[in-house]
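Please read it beside the sequence and the model.

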Amino acid sequence: MTTAKEDSDTASMAPVIATLVIDSIGTGIYLPVSLLYFIVVAGIPVGTVGACVSIATLVSVPLPVLIGMLADRIGARQVVLVSFVLQGLGFAGYLFVREPVLLVVTVMTTAFGQRFFWSAIFTLVTERSAVERRDHWFGVVGAVQNAGVGIGSVVSAGLVAIGEKFAYQLIVGLDAVSFLAAILILAFAGRSARPVVREQDTGGAQPLGRNRPYLALIGINTVFALCVTMFVVGGPVYLRLGLHQPGWVNGVVFAINTAAIALLQTMVVRRLRGRRRVLILFVAGVVWSLWSCCLAIAFYLPAFLTAAFVFVLTLAFTTAELMHAPTSMGLAAGASPPAARGRYLGAFQYSFAFANVLAPVMFTQLFSLAPAAPWIALVVLALAAAVAMHFVEGHLPPAALRT
């Protein structure tokens, strides 16, 4: 039996979740061909594609705080709608890319749209959800996004199997249309959702630049985000060139991770309800530290044991990710003052942006020294971040500390 308050909460969140399902399916369709599209269809050289995408993405890095301030002023829903418009225009523009200049312009448009999205979506979830169910909805968001990306990836694989340029163009067209559908749902169904009673805004929000505990939280979460990004960026390279595993092993690893998050995220959130968020993040950091240590050791295992060992390690990694994702967002939302929540949660997104910038450089430089070196460094960083959580705990608002 659900209570009237839970029913109201669900009604308020339903359009947001429906929008995220469509958005993530579109993302999953495009993600497997994100660089290949410009190489196969536009005929642009690999090196040029990589440089153009990096430049266009880097320009968008400073935006999160500014977008967060915009969300505080006009509302997170409007900012998310802007993000969908920008991404839809960017992907529609991909269909006409045949030269590097237009490639930079269109990728920059989608990159801006993605910054708008990630800088406002968690503020929108926070605005629409009841305080006591916030971690639950953060967990649902993670689950539906992973499920959507998984479904989209299957569709993409079927289209790519056709092997024609038209298939790649169809993939990009479907992604552009998915943003149009997301706009329609959030613009009309999202507008009619009933507001949820939220915590009182006591005013007097401390400027973000002087809120040292929150800045420390961003720094610590950068390390946790680095663990996830290293899994995505460095894992495939280490499996292929370091551990000499066949390509299908990497596919199974990502399938295990995606399926586990889609199926187990909400269950894990329920099991963790009422526990200290800092303790949950401490455990996640320790598990990631052990995972990194075991990955480094895998380099010295007999070849016939390596694949099975990596699959078990993926389950450990995913367990930490299941604990970290909703808990970190719940802690960040709870520790931010209501009057400035948009800019605080926008700033929190810098932890993920910094991780995205650091991971490729950190992995490639250390991997060139020794295949196990990136994971040994991550052992130290993850353990240090886990310990640092306990030093920050006493300086955060008491109401933010429990799920």
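One aromatic cluster is formed by Tyr-30, Tyr-37, Phe-38, Phe-84, Phe-91, Tyr-94, Phe-117, Trp-118, Phe-122, Phe-138 and Phe-179. Rings of Phe, Tyr and Trp (its six-membered ring) pair if their centres lie within 6.5 Å; planes under 30 degrees apart count as stacked, over 60 as edge-to-face and the rest as tilted. The model is predicted: local features need pLDDT of at least 70, side-chain atom pairs count only at pLDDT 80 or more, and totals for chains, interfaces and linings use all residues. Residues are numbered from 1 along each chain as its sequence is written, and side-chain values use heavy atoms, with hydrogens and water left out.

**Aromatic pairs**

- The structure holds 27 aromatic pairs.
- One of them is the tilted pair of Trp-248 and Phe-311, with 6.3 Å centre to centre and 50° between the planes.
- Trp-248 lies in helix 10 and Phe-311 in helix 12, so this pair ties together parts that are 63 residues apart in sequence; helices (H or I, at least four residues) are DSSP runs, numbered from the N terminus.
- Trp-248 is exposed at 52% relative accessibility, whereas Phe-311 is buried at 19%; buried means under 20% relative accessible area, exposed over 50% and partly exposed in between, with a 1.4 Å probe and protein chains only.
- The ring centres of Trp-288 and Phe-317 are 6.0 Å apart and the planes stand at 45°, so this pair is tilted as well.
- Trp-288 in helix 11 and Phe-317 in helix 12 are 29 residues apart, and their pair links distant parts of the chain.
- Both Trp-288 and Phe-317 are buried.

**Nonpolar core**

- The largest nonpolar core has 114 residues; such a core is a set of buried Ala, Val, Leu, Ile, Met, Phe, Trp, Tyr and Cys residues joined through side-chain atoms within 4.5 Å.
- Phe-38, Tyr-214, Trp-291 and Trp-375 have the most contacts inside this core.
- Helix 9 gives the most to this core, with 13 residues.
- Not counting residues up to four places away in sequence, Phe-38 touches Tyr-30, Gly-43, Ile-44, Val-49, Tyr-94, Val-97, Leu-103 and Val-107; contact means heavy atoms within 4.5 Å.

**Helix packing**

- The axes of helix 9 (residues 212-242) and helix 13 (residues 341-348) come within 9 Å and cross at roughly 30°; axes are lines fitted to C-alpha atoms, for helices over the stretch in contact, and angles run from 0 to 180 degrees between N-to-C directions.
- That makes helix 9 roughly parallel to helix 13; angles under 35 degrees count as roughly parallel, over 145 as roughly antiparallel, 65 to 115 as roughly perpendicular and the rest as oblique.
- Helix 9 makes this contact with Tyr-214, Leu-217, Ile-218 and Asn-221, and helix 13 with Tyr-344, Leu-345, Ala-347 and Phe-348.
- The residues of this contact are seven nonpolar, one polar and no charged; Ala, Val, Leu, Ile, Met, Phe, Trp, Tyr, Cys and Pro count as nonpolar, Asp, Glu, Lys and Arg as charged, and the others, Gly among them, as polar.
- For helix 11 (residues 277-298) and helix 15 (residues 373-393), the axes come within 8 Å and cross at roughly 170°.
- Helix 11 is therefore roughly antiparallel to helix 15.
- Among the residues that meet are Trp-288 and Trp-291 in helix 11 and Trp-375 and Glu-393 in helix 15.
- The contact of helix 11 with helix 15 divides into 18 nonpolar, four polar and one charged.

**Single residues**

- Ala-333 lies in helix 12 (residues 303-334) and is buried, with a relative accessible area of 0%.
- Apart from residues up to four places away in sequence, Ala-333 touches Thr-126, Arg-134, Phe-138, Arg-341 and Leu-345.
- Asn-257 lies in helix 10 and counts as buried at 7% relative accessibility.
- Leaving aside neighbours within four places in sequence, Asn-257 is in contact with Phe-231, Thr-314, Phe-317, Thr-318 and Glu-321.
- Gln-349 lies in the loop between helix 13 and helix 14 (350-369) and is buried at 7% relative accessibility.
- His-244, in the loop between helix 9 and helix 10 (247-272), has a positive phi near 55° and is exposed, with a relative accessible area of 63%.

Definitions and conventions:
Helices (H or I, at least four residues) and strands (E, at least two) are DSSP runs, numbered from the N terminus.
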